[in-house]
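Me: I'd like a close look at one thing here: how the strands pair up, and where that pairing leads. Could you go through it slowly, with the cut-offs spelled out?

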Amino acid sequence: MSKQKYKWIGTRPDRPDGADKVTGRARFGADFNMPGQLIGKVLRSPHAHALIKSIDISAAEKLPGVKAVVTSKDFPEQPNLIVPTGEMQVNLRDITRNVMAREKALYESHPVAAVAATTDAIANAALALIKVEYEVLPHVIDVAEAMKDGAPLLHDHLITEGVKPVPTKPSNIAKRIDNVKGDTDAGFKLAEIVVERDYTTQPVHQGYIEPHACLASMAEDGQVQIWSTTQGHFQVRGFCSRLLNIETSQIRVTPTEIGGGFGGKTVVYLEPVAVMLSKKSGKPVKMVMSRDEVFRASGPAPGGTVHVKIGAKKDGTIVAAECTIALQAGAFPGSPVGPACWTSFACYDIPNIKVIGYDVVSNRPKVAAYRAPGAPISAWGVESTIDILAQELRMDPIDLRLKNAAAKGTKTSYGPVFDTIGFVETLEAAKKSEHYKSKPKPGMARGVAAGFWFNVGADSSAAAHVAEDGTVTIISGNPDIGGSRASLALMAAEELGVDYDKVRPVIADTSSIGFNFVTGGSRVTFATGLAVVNSVRDLIRECKVRAAKTWGVDPDGVIWENGCAKPAGSNVGEFEPLSLAQLAATAGKTGGPINGHNQLNAQGAGPGFGVHIVDLKVDRDTGIVEIGRYTALQDVGTAIHPSYVEGQMQGGAVQGIGWALNEEYIYSAKGKLDNAGFLDYRMPVASDLPMIETIIVEVANPHHPYGVRGVGEVPIVPPLATVGNAIARATGVRMTDLPMSPPRVSAALDAAAPRMAAE
Amino acid sequence: MTDISYSSPKTIDEAVSAMVAAKGAGRILAGGTDLLVQLRAGFVKPGSIIVDIKKIAEMTSIEDKGGGSFRVGAAVTGMQLHDHATFGKAWPGVLEAVNLIGSKQIQGRASAGGNLCNASPAADSVPALVAAGAMVTVQGPKGRREVAVEKIPAGPGRMTLEPGEIVVGFTLPARPAGSSDAYLRLIPRTEMDIAVVGLGVSLTMKDGTCTAARVGLGAVAPTVLLVEAAAKALVGSKLDAAALEAAAAACRAVCKPIDDKRGTIVYRTKIAGVLLKRATAIAAARAAKN
Amino acid sequence: MAKLHVTTTINGEPTEFLCEPTQAVLDVLRDQLGLTGTKEGCGSGDCGACTIILDGSMVCSCLVLAAEAEGKKIDTIEGMAKGDQLHALQQKFIEFAALQCGICTPGFLVASRALLERNNNPTETEVRYWLAGNLCRCTGYDKIVRAVMEVAADMRGATR
């Protein structure tokens with residue numbers, strides 16, 4: 001691997017926050033407290049869809065111990081304006097209503113009021129005293145139902161965008177998007193085989209173990225401090241600034257350690273409410289969601305429908321491909337239907353592609369990003385269909401993909417042309433893998449699927465400071481959700497030529513470092529890494545200036561090697577190397593403190609590709625699926641810290657296995673969530689799984705000094721179809737609806753039994 | 001919530017008095033793995049009195065009475081039962097049923113007594129105790145009595161106990177050589193789920209023929225069922241395919257399940273039959289070693 | 001009912017506190033005693049993030065009443081390291097990258113230690129079933145299980 005090329009990159013040192021995290025010293029969102037703090041609690045709609053006729057908070061306000069009560073009256077109206085947040089887009093007019101309902105409650109547990117009181121118990125008692133008058137309306141949850149004429153309408157103003165002629169009546173379809181490459185009608189005429197299927201998925205939650213939590217304190221002069229468990233503290237600052245009409249610099253947000261996010265913590269729920277409660281009460285306000293609230297009221301990933309049609313020649317060359325995707329956005333527009341469409345055929349070089357996407361609102365919490373948002377859903381449909389094609393053509397599923405694999409120069413259906421990518425290399429590694437070369441164990445069958453994610457760049461700011469003793473602090477502004485701190489330190493150490501232990505990475509609050517886009521989009525190691533590398537290069541530039549001054553030579557005559565400034569050659573002069581410690585010691589005389597910094601909007605993020613292989617067995621009597629062996633392969637560009645790259649691959653694969661087998665939101669007839677806890681929202685447990693083998697492929701991204709590609713999101717894209725394809729090969733029955741839980745698999749097997757007995 | 005009080009009596013008589021004085025507002029605390037979930041979810045009424053029975057020796061002790069007979073206190077934890085030197089050898093089915101309740105953390109606290117008294121139709125320990133022919137010792141203001149375990153649950157969350165009565169322990173009967181038991185449940189994952197179907201079988205084999213059997217079936221009706229017709233189909237047979245199918249059919253016939261977030265009527269009914277066959281095979285294999 | 005006075009031992013230290021009858025040990029640890037290493041992930045015994053040892057038994061502290069701590073010994077994550085020496089499991093978790101976000105880590109460490117103190121030669125299956133009550137969403141459990149098995153091997157003095 002990279003070990004041969006680099007001294008630090010590719011090694012596996014201890015992470016800088018390790019000691020704190022294994023001793024309980026590390027402080028997460030709910031671990032912060034301030035003297036005199038109040039406890040904030042939210043009153044939530046019991047109805048999936050209702051007009052809010054009135055809210056009477058008078059009794060609650062009078063309860064001893066209650067110091068503030070807020071409703072939408074306390075939040076300024078917001079314009080109809082879209083702002084980016086993580087990998088999704090949100091409308092401020094919608095977000096203020098998601099944080100605190102105005103005219104309508106649009107999902108069960110939609111916040112309608114909030115209180116701050118001296119104790120938990122009093123806050124809960126106060127909630128019970130708030131009188132809300134609702135007019136219950138018919139609700140709709142399922143995406144296909146929501147799209148029908150006559151479905152209950154969530155928003156009177158919602159006219160479908162992207163459709164011509166512009167509709168005259170509102171509907172629940174917020175948007176239609178179309179991506180076209182070539183001519184699929186002509187393409188299908190050339191096909192010698194066509195496979196067409198419908199697929200569905202259910203909504204799933206990111207499943208972070210730490211509930212949302214924050215602590216907000218507004219002082220009498222209007223300055224605000226917030227501690228929040230978030231993937232983007234600048235995002236939190238920005239939202240609080242806009243939603244509450246507070247100048248941005250007046251707000252200082254400190255990110256706590258974060259107990260999992262996966263995209264779900266790139267938005268705000270509690271923070272603006274906590275700030276308003278703090279403003280009204282004059283005290284700090286701490287708010288922590290219960291697990292029940294997390295499930296009922298925080299944005300999960302959408303469920304949806306995917307229709308796929310693929311046409312190919314008998315030799316496996318795909319000549320045309322279409323898919324139509326409809327995703328639930330939840331209560332407000334903004335599902336990841338865009339990325340679902342763009343990623344759908346991105347793995348393949350197909351001359352004719354047509355993709356249609358629908359963004360559909362329904363009475364559920366507004367969806368939030370979940371690891372490669374949208375992509376797992378379209379991949380479920382496309383990769384299952386490719387597998388059917390492989391079966392019908394009697395082709396090895398990896399060979400079929402190799403035959404059509406995207407490569408440098410492939411033009412995608414959504415516009416860009418790929419630069420250097422590693423899909424072919426990953427497929428070849430899969431084919432050569434010990435797992436793939438071995439026969440499945442008796443009773444087991446094998447499935448293979450692929451996946452893609454663009455990975456993003458976006459804004460990052462970083463700084464590098466030299467201390468008086470020559471040790472270095474690297475300052476950046478991205479919460480560490482997967483080990484990125486260690487990777488940033490590794491890149492800085494590599495660039496500086498000093499030991500990893502001499503570099504301390506710190507995640508600064510919003511007042512202490514320049515703007516940073518969220519931790520998400522698999523961007524931190526790439527974009528923030530780039531900013532860190534650049535700020536270290538800036539530091540080195542300054543160090544050379546200081547050395548030059550010390551030696552009385554031109555800075556061009558100084559080089560940097562192994563952590564020291566050295567003369568470029570003997571013609572410059574015979575000078576002993578100057579280390580960081582030595583330069584720091586004389587810094588006051590050579591120009592002052594020695595710092596470097598950099599800020600950028602990172603371009604050239606490298607797309608990632610993954611291929612997963614599973615061997616599993618299906619108990620025909622019970623429908624229970626047992627995973628026997630699982631291997632995840634992925635092109636990661638360069639594995640900066642291989643242990644954490646492996647961790648991303650393993651974690652994403654297991655989330656995908658859960659999504660495939662047992663995770664789903666179950667609703668009652670009244671639109672209330674039936675399984676709002678870890679007991680019945682069934683995420684994989686340790687005994688459900690074998691070891692997850694990983695094979696790292698490295699095809700360097702030419703646009704990053706260390707070849708980095710984002711790695712975090714790709715691993716959740718292949719598993720759904722990987723598992724579904726194996727089940728199809730194990731049982732002869734093709735599952736098209738997720739999750740493939742035991743009752744569903746059992747029912748599908750029983751339904752197919754007469755047909756299969758006849759075959 | 002500040003109106004809820006806590007007490008920890010030292011004798012059963014004290015515990016009974018506390019429950020009587022509470023006039024229906026008393027809640028027994030054994031392992032707390034159901035009670036505290038309800039408490040934290042706001043389902044325990046103000047004015048309730050929590051009566052912690054774990055300071056009472058009879059509630060927390062296990063007695064091996066020989067010949068396979070055991071007395072197990074109502075608050076004995078799953079972990080205690082697991083670690084007991086001889087219980088698991090005599091009653092592997094009852095032990096595995098109790099040990100399936102929740103995680104290992106839950107096992108450090110949960111008890112068969114609590115599992116029974118929570119009266120969930122899907123309780124894991126109850127089908128195995130029913131199959132075992134366990135008798136429950138109940139003590140109340142009118143004194144002690146022994147009740148067959150299958151007579152305790154009255155419906156989801158309800159018991160047939162009189163006001164003030166509490167479950168003190170279980171007695172498992174002595175059995176002849178050639179006896180054993182087994183419990184199987186079906187859950188979607190490998191752990192951490194409530195049973196979609198749970199089935200316990202206890203049987204005695206002699207020279208390859210089944211001479212005695214009891215079948216307890218859970219999660220397919222408002223209470224755990226004693227399936228006498230299934231036992232009848234097994235007794236006198238060599239546990240051949242026809243006998244097993246007849247017993248499985250008997251289990252399917254008594255199912256009165258619901259469609260819910262854990263399973264469908266169709267699925268539960270089918271699985272009842274599947275588990276009968278599999279659990280019987282396991283019990284028979286164990287019995288052959290006794 | 002007035003608050004209850006409880007005398008207990010936490011990580012070897014005699015400790016007293018006042019609590020409501022309905023408070024759980026988890027609430028008192030985190031909100032009164034400053035021991036925030038034990039986490040609340042669900043409050044209903046389904047995730048294991050609140051795992052502690054109570055009189056030698058591994059339990060979910062969200063499901064033990066604070067009142068029940070009277071006269072008992074409680075061990076939390078804060079007591080696992082000795083001075084500045086990390087426990088072998090803590091060290092191995094760091095070395096093996098058996099944590100990503102770290103929220104579940106205290107629970108896993110307390111649970112793993114309880115396992116290895118009972119059985120220093122567990123199979124992979126035994127480790128997985130013992131830890132089934134600890135949810136992790138980041139790691140997929142692979143590196144956690146490897147770390148526990150490796151510490152077990154070290155404890156047995158196995159040579160590699």
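Reply: Two strands count as paired if DSSP finds at least two bridges between them. Strands themselves are DSSP runs of E, at least two residues long, and helices are runs of H or I of at least four, both numbered from the N terminus. Keep in mind that this is a predicted model, so local features need pLDDT of at least 70, side-chain atom pairs count only at pLDDT 80 or more, and totals for chains, interfaces and linings use all residues. Residues are numbered from 1 along each chain as written, chains are lettered from A and ligands numbered from 1 in written order, and side-chain values use heavy atoms, with hydrogens and water left out.

Start in chain A. Strand β19 (residues 458-466) runs antiparallel to β25(A), with eight bridges between them; A:A464, for one, has A:G596 as its bridge partner.

Over in chain B, the open antiparallel sheet has four strands, ordered β11-β12-β13-β14. Here β11 and β14 (225-226) are at the edges with a single partner strand each, so again one side of each has no neighbour in the sheet. β11(B) pairs antiparallel with β12 (residues 197-206) over eight bridges, and B:Y183 is opposite B:G200.

And where does this lead? The second largest pocket has 47 lining residues, with A:S687, B:R189, B:T190, B:E191 and C:Y129 nearest its centre. Among the elements giving two or more residues to that lining is β11 (179-186) of chain B, while α4(C) gives the most, five. A pocket is an open set of points on a 1 Å grid over the protein atoms alone where a 1.4 Å probe fits, with protein on both sides within 12 Å along at least five of seven lines; lining residues have an atom within 4 Å of a point.
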